[in-house]
Amino acid sequence: SGTGVIPLGILRVLAHLVGTPGDPEDAVRKQDLVFQLLAPFGFASVLAPLALLPAIPALAAQFLSHRMEPHVIEFQYTALLVPFVTASAVRGVAGAARWLGRDRAPTVAALLALGVLAAGVASQRAWGPFVPGALPREQQLAHRVRPSDMDRALKPYRDRMVARIGRRDGIVAGFELLTRFSDRRRVHSAHHVIHGVHTDSDRPYALPHDIEAAILDAGAADLMRGMEMESALRWAELVRANRLRPVDAAGDLTLWLRDAPDTFALVAPDSLRPPGRSVACGRELAWLGVETAPIVSGGVLPVATWWRRIGPVPGLVQMDLALLDPSGRPVVGRSRLLGYGLVPPPAWPLGEVVRERYLMLVPDNAPGGNYQLAMRLLSREGGRGIPLEPSGGAGPGGWIQLGRVQVEGPRAPMPSTLPGR
């Protein structure tokens with residue numbers, strides 16, 4: 001309301017263009033981004049500043065964002081800047097060659113180009129995508145340039161599910177699968193549906209009602225990190241409104257089709273549990289039994305677990321599932337949400353027995369041997385991982401032992417069904 005408000009606002013904008021007041025770490029990110037854009041070209045771009053001018057609005061928009069991702073080079077936002085940095089480097093080298101070389105401009109230009117090439121090689125060695133450990137630790141999992149062992153194990157199942165979708169239109173897909181359906185007219189990213197808002201916004205995302213298929217990995221970091229009980233409620237509404245039924249699964253990747261005649265339930269009532277002990281996990285759940293089978297290296301381990309909700313469950317429940325070697329070290333492991341996060345324990349009927357069916361992936365390079373299948377549970381109430389201690393206590397590392405499993409090659413065939421009745 002005063003005359004100093006507008007100048008003060010302008011000063012705050014300018015301050016965020018050159019740094020991040022109150023966040024020195026983010027200010028360094030912005031400085032690093034400018035350096036990492038210019039260094040691969042030997043800073044030749046600054047020799048043609050006019051060619052850099054069109055990049056300034058995009059760079060300003062990135063630096064004014066409150067999020068970290070636009071401030072670092074590893075994300076796609078940099079793609080808006082690279083063409084102008086490249087063009088200005090070319091013009092800069094050409095101008096420098098004419099000014100320095102005069103009669104020998106082509107020779108000087110070639111030498112300058114070699115210098116730019118050397119700068120590019122040095123930059124790749126310092127922070128390039130193919131250098132192990134070059135990225136900050138918190139970004140390495142989100143920006144792998146090579147598939148992990150688990151990615152390779154999942155690939156045939158993912159391809160099978162995509163093929164089963166066929167030419168259906170109206171797709172909900174996980175972020176990593178969106179390009180598979182770029183030729184469809186109606187495609188929705190699963191994180192919009194799960195989180196209920198548009199990306200980087202608090203604007204509600206309308207629930208789609210024209211969906212014929214959904215495929216998503218609820219254990220993927222970008223989905224699992226933001227999932228909560230409201231996410232499961234939104235998913236249940238999507239399934240009801242579009243008559244979707246689960247038809248395939250591998251790991252936490254699930255496929256849902258409209259009005260599918262042949263289905264299996266990921267989580268369903270089932271009182272015919274296998275004989276065994278009942279273990280209370282906190283005051284929320286009781287684990288009643290497990291049914292599994294031997295596996296082969298590079299295959300899958302079918303795991304069916306029986307549960308009873310014995311009290312209020314305040315939030316989603318994380319299940320760490322692993323194969324432990326004789327020393328208790330996890331050889332193969334997966335952190336996931338019990339009930340896939342889509343049919344979570346808070347939604348299970350109180351006092352009734354339910355069964356969850358799961359295919360645990362085992363990579364090709366998993367060493368053969370006899371392992372202990374084990375799990376541990378954590379409540380994700382309030383975003384924290386609070387252990388749900390089993391009655392009688394857990395084993396070393398908080399693991400509940402489920403049974404022995406033999407891993408032996410070669411690769412197993414892809415099963416079309418999951419364990420359990």
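I took helices (H or I, at least four residues) and strands (E, at least two) as DSSP runs, numbered from the N terminus. On that basis I found 11 helices and 15 strands in the protein chain. The model is predicted: local features need pLDDT of at least 70, side-chain atom pairs count only at pLDDT 80 or more, and totals for chains, interfaces and linings use all residues. Residues are numbered from 1 along each chain as its sequence is written, and side-chain values use heavy atoms, with hydrogens and water left out.

Whole chain. I noted that 45% of the 421 residues count as buried (under 20% relative accessible area; exposed is over 50%, partly exposed in between; 1.4 Å probe, protein chains only). For contacts (heavy atoms within 4.5 Å) between residues at least 6 apart in sequence, 66% join residues at least 24 apart.

Helix H11. I looked up residues 229–242, a helix of 14 residues. From first C-alpha to last, H11 reaches 20 Å, close to the 20 Å expected (1.5 Å times one less than its number of residues). Its buried residues are Ser231, Ala232, Trp235, Leu238, Val239, Ala241 and Asn242. Their cover includes strands S1 (171–173), S3 (213–217), S4 (244–250) and S5 (253–258), and helix H9 (190–195). After H11 comes Arg243, with a positive phi near 55 degrees.

Val46. I placed Val46 in the loop between helix H2 (24–38) and helix H3 (49–52). Is Val46 buried or partly exposed? Val46 counts as partly exposed because its relative accessibility is 46%.
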